[in-house]
Amino acid sequence: MENMIGIRNLTKRYGKKRGVEDVSFEVQKGEIFGFIGPNGAGKSTTIRSMLGFIRFDSGSISILGMDAVKDHEKILEKVGYMPSEALFYPGMKVSEVIRYAADVRGKDCGQEAAKLCERLEVDTSKKIRELSLGNRKKVSIVCAMQHRPELFIFDEPTGGLDPLVQNTFFELIKEYVKEGATCLLSTHILPEVRKHCDRAAIMREGHLIKTDTVENLIRSTAKSVKVTVDGRTEEYMYNGDLNDLIGELSKRHLENLSITDPSLEDMFMHFYEGGKEKS
Amino acid sequence: MTAIIKQEMKLNLKSMLIWALTVGGLGFICILMYTSMEGEVMEMADSFSEMGAFSDAFGMSTLSIASIAGFFATEVGTVHGLGSVMFAAFFACSMLSKEEDGHTGEFLFSLPVSRGKVITGKGITILVCLILFTLICGVFYVLGFVFLKEEIPAAELARFLGSMLLMNIETASLSYLVSATSSKTRMGLSLGISLVLYIYDILGRVVPSMKDYLFIGPFSYANASEIFAKIDAPRYSFPVAACIILLAAAATYFTYTRKDLAS
């Protein structure tokens, strides 16, 4: 499989503060890749390093087979980015912002922009300052998609969007991906990852702690164990031989026992809290 | 880059016009005041020219304030000099940093354009706006002379406006560098630099030991009284101005292409 994004040992520090440390992962052509983690985990730092907004300290980033530092401008021609904060020049009309983004790209994106505005119900005659967060996000989606990029990078894209628009947004992504595009979706909304992503990487405190298919992340060998003994309920992840677990538990007077596959939320919370799997 | 220039022109045209109409309009009113003050100015001219170093500092020893050229150089020279330099500093100091202040940087820099091109595009916008500003003010001044039915000192006026434009480019280049650093105090810093340069020139003309170093500041070659008295600018003032502009531009590129953009 062709790698659309290849990050090797990425490290970025903000003075003494942590940014990201030794992050490595790949995103393959045609996949929707979830990039998950709580706020401050280092997702945005990784994305900002990829797009050249910040200079990273060490490591390498390759996007669409090109070096993210040397070929920065060429890469951006083929990337559609939607930042978490959809902020534009307040005095401009929506139509002017969309046309400006196309003009800087030196492309006539009128047809695609019109299609996207219709699907997302964007009022192009309004001024940016008149728009709500949700409507600004819609403008941001149009700007990211109108040039039909090979790679989409979305940073917390659905915040502020109503469920109907969220639905249209993911429909659009899937349509473009079907036509050969690739998508990196940074989010902390886990149902989005479970529903739409093929693979995902989990970030915590600047480190990448797990990369796998969403299916494997959920069907991990770890089990979610919930046991009630003497009125007290314990909950933990268990990663070992189930017979040993049963043997251990049988020594206690159990009031209730539940051993299930963990949900993505459980997995995420487990990694987020830095909990260790019992084995 | 053309798209960036067009966009910036669109965003800044109104502000530039307000500044040009204000400074040019004030200059026009000053010129019109000449006839109403002609009698009093005659009396003032002699005493003004005998104030020693202060007469030198404000150019009243080189040119009589009683003549239209002298009156223009003294009054409009000060209004335009200070007004235009404030405009240049104010305009340039937010040109780059506004993208981070308004959180529009992520939108702009996610488009396929290098930071170098953004610096160049915005720099060209500043240059074009300064030229337009100077031309609009120039039209007001010419109209002032026409209104008073006075002969237009075309050569001196052209040299005055050209020198002022160069001075504005020089101060704008320093403010542009301030803008690239995105310091929170950039507005104060930019206006402060311009005022310091103005005061440096005044002091240089009052304090004899500083006279030889006047050429360092941009007000040295843009002194209206000397221009209308057909006195050449200090010898090294233009090369120094060119060096300052080039160094400031280089430092702007160096700083802005290496900095982390604020989110």
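P90(A) sits in the loop between strand 6 (79–82) and helix 3 of chain A; helices (H or I, at least four residues) and strands (E, at least two) are DSSP runs, numbered from the N terminus. This is a predicted model, where local features need pLDDT of at least 70 and side-chain atom pairs count only at pLDDT 80 or more, while totals for chains, interfaces and linings use all residues. Residues are numbered from 1 along each chain as its sequence is written, chains are lettered from A and ligands numbered from 1 in the order in which they are written, and side-chain values use heavy atoms, with hydrogens and water left out.

Back to P90(A): with 46% relative accessibility, P90(A) counts as partly exposed, since buried means under 20% relative accessible area, exposed over 50%, and partly exposed in between (1.4 Å probe, protein chains only). Leaving aside residues up to four places away in sequence, P90(A) touches K127(A), I128(A) and R129(A); contact here means heavy atoms within 4.5 Å. P90(A) and R129(A) are 39 residues apart in sequence, yet 4.6 Å apart in space, C-alpha to C-alpha.

Now for where the two chains meet. The contact takes 26 residues from chain A and 27 residues from chain B. About 2,500 Å² is buried between chain A and chain B, with carbon and sulfur atoms giving 59% of that; buried area is the accessible area (1.4 Å probe) that two parts lose on being put together, summed over both. On the chain A side, F53(A), Y89(A) and Y100(A) lose the most area to chain B, together 26% of what that side buries.

There are 11 residue pairs in polar contact between chain A and chain B (both at pLDDT 80 or more). A polar contact is a pair of N or O atoms within 3.5 Å; within protein, one must be able to donate a hydrogen and the other to accept it, and residues adjacent in sequence count only if both atoms are side-chain atoms. Helix 3 of chain A gives the most to the side of chain A that touches chain B, with 7 residues.

The rule also finds 4 salt bridges across this interface, each a side-chain nitrogen of Lys or Arg within 4 Å of a carboxyl oxygen of Asp or Glu. Here are two side-chain pairs:

| Pair | Kind and distance |
|---|---|
| K117(B) and E73(A) | salt bridge, 2.7 Å, N to O |
| K259(B) and E100(B) | polar contact, 3.1 Å |

K259(B) itself is found in the segment after helix 10 (237–258) of chain B, and K259(B) is buried, at 14% relative accessible area.
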